[in-house]
Amino acid sequence: MDPPGLRARVGTPPARRLLRAGPRAASAAPPASVVTVHDLGYEHFPAAHPRLQGWYLRLTTRWHVLAARALLADSKATRDDLVARYRADPAKITVVYPGIDPEHFQPVGDPAAVAAVQARYELPQRYFLYVGTLQPRKNLARLIEAFAAVASPDPELGLVLAGQRGWLYEGLVAHTRRLGLEGRVHFPGYVPDQALPALLSGAVAFVYPSLFEGFGLPILEAQACRTPVLTSTTSSCPEVAGEAALLVPPTDVAAITAGLRRLLTEPGLRMSLVERGAANVTRFTWAQAAAATLAVLEGTGDPDS
C-alpha cells in the first residue's frame, strides 16, 4: 500500500522535473533530472556483457552522473561504485531499496499447488532453484559444476534454472551435456510471477551465486516464501540477504559445492535461514521506497519552478 496521502502528494510533477531509470536512460538529462542507477556490473565483469552494450552503459551512466541533479542507487554497493568509479558526489546519491509484494510472495503450504507447478514445468520433486536471466553474469556455469559434485549420490535431485534465455545461453546447455547432466538440469524458461511462489516453496533451496548484482530482488522473493538461500559474498548480495543466507565466494566452485551440501544435510541450518529470512524481508517495502523517492523528487525541482 502507498504511504498515507502519498498519491495525493505526488500530483503532477513540475514540467522540468524528470525521473529516469538508468543506466538505460536516454543520453540527455535536463537540469533538474533525477536518475536511478541500478548497478555497474559492466565495469566489474565486462566480458559478461556484449561489447556494444558495455560501451553504451559506460557512456550514458557517466553522463547522468555528471548531469543529474540527484541520483538514486538501488543499494549501498551501487552508491559506493558510483563514487569510486565515476567520482560521483556522495551528497547527491540516495540509496532507495526496492521492495517486494508480501501478499504475493509468501509460502505455498498446499502440496497440491506446489505439485501442479512442478508438473506443469516437468520438474522433479526435489530441486535447487535459480530464477533470473540466463546470462554469464549470473555465474550459472560454476553453479552447474557445483551441482554435478552433489548430484551423483542423489539421483532424485535436480537443478532448475528458470528464466529467459540471455546472452550465451547455448553455452550453458552445452556445459550441462559435457558434464553428463541432461535430465538433471532443467531449463523451464520464463516462469510468470503467478507461479513463482509455488516454485520457490517447493525448492530445497534457492541458489543465487551471481558474480554481480545491483540489488538481487530474487533473494528477497525466496526468503519471503520461506526458502533457504545461498548467494554470493560480493556486490550487493550480502547487503540484501543480511544474516539470512549462506554466503559463498562466487568464483570458488568448491565453496559453492560445500554450500549446496550443507543445505542438503543440515536441517538446522535450513530452518535458521528460513526464520532469519522471514525477518530480513521486512526491511524492504515499496511504501518505504516510494516515500524515499518522493522526498528526493521534492528536493530537486528548479528553484524558479
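Both faces of strand β6 (residues 157-162) are covered in this predicted model: Leu157, Leu159 and Leu161 sit on one side, Gly158, Val160 and Ala162 on the other, and all are buried. Buried here means under 20% relative accessible area, with exposed set at over 50% and partly exposed in between (1.4 Å probe, protein chains only).

As for the ground rules, residues are numbered from 1 along each chain as its sequence is written. Local features need pLDDT of at least 70 and side-chain atom pairs count only at pLDDT 80 or more, while totals for chains, interfaces and linings use all residues; side-chain values use heavy atoms, with hydrogens and water left out.

With β5 the pairing is parallel and runs over six bridges, and Phe128 stands opposite Leu159 of β6. From β5 the chain passes through α6 to reach β6, a β-α-β crossover that is right-handed; that label applies if, with the strands pointing away from the viewer, the path from the first strand over the helix to the second runs clockwise. With strand β7 (residues 185-189), β6 is again parallel, this time over three bridges. Leu159 turns up here too, its bridge partner in β7 being Val185. Helix α7 (residues 169-178) carries the chain from β6 to β7, and this β-α-β crossover is right-handed.

Strand β2 (residues 32-37) runs parallel to β3 and is joined to it by four bridges, with Val37 standing opposite Ala73. Strand β4 (residues 93-95) is also parallel to β3, through three bridges, and Ile93 in β4 is the bridge partner of Leu71. The link from β3 to β4 goes through helix α4 (residues 76-86), and this β-α-β crossover is right-handed.

Next come the aromatic rings. The model holds six aromatic pairs, counted for rings of Phe, Tyr and Trp (its six-membered ring) with centres within 6.5 Å; planes under 30 degrees apart are stacked, over 60 edge-to-face, and the rest tilted. One of them joins Tyr130 and Tyr208, stacked at 5.8 Å centre to centre with 20° between the planes. This pair bridges distant parts of the chain, as Tyr130 belongs to strand β5 (residues 126-131) and Tyr208 to strand β8 (residues 205-208), 78 residues apart. Tyr130 is buried at 1% relative accessibility, and Tyr208 is buried at 2%. Tyr208 also pairs with Phe206: the ring centres are 5.5 Å apart and the planes at 20°, so this pair is stacked as well. Phe206, at 1% relative accessibility, is buried. Elsewhere, ring pairs link Tyr97, Phe215 and Phe284 into a cluster.

Glu213 lies in the loop between β8 and α9 (217-224) and Arg137 in the loop between β5 and α6 (140-151), so the contact ties together parts that are 76 residues apart in sequence. Both Glu213 and Arg137 are buried. Arg262 and Glu266 meet at 3.0 Å, N to O; Arg262 is partly exposed at 35% relative accessibility, and so is Glu266 at 28%. Salt bridges with shared partners also join Arg137, Lys138 and Glu213 into one network.

Finally, the surface has a nonpolar patch made of Leu52, Trp55, Tyr56 and Leu59, with about 460 Å² of accessible area together. Patches take residues with over 30% relative accessible area and no salt bridge, joining like charges within 9 Å and nonpolar side chains (Val, Leu, Ile, Met, Phe, Trp, Tyr) within 5 Å. The areas come from the Shrake-Rupley method with a 1.4 Å probe, and for residues only the protein chains shown count as cover. Leu59 is found in helix α3 (residues 51-67) and is partly exposed, with a relative accessible area of 47%.

Terms used:
Salt bridge = Lys/Arg side-chain N within 4 Å of Asp/Glu carboxyl O. Helix = DSSP H or I, 4+ residues; strand = E, 2+ residues; numbered from the N terminus. Pairing = 2+ DSSP bridges.
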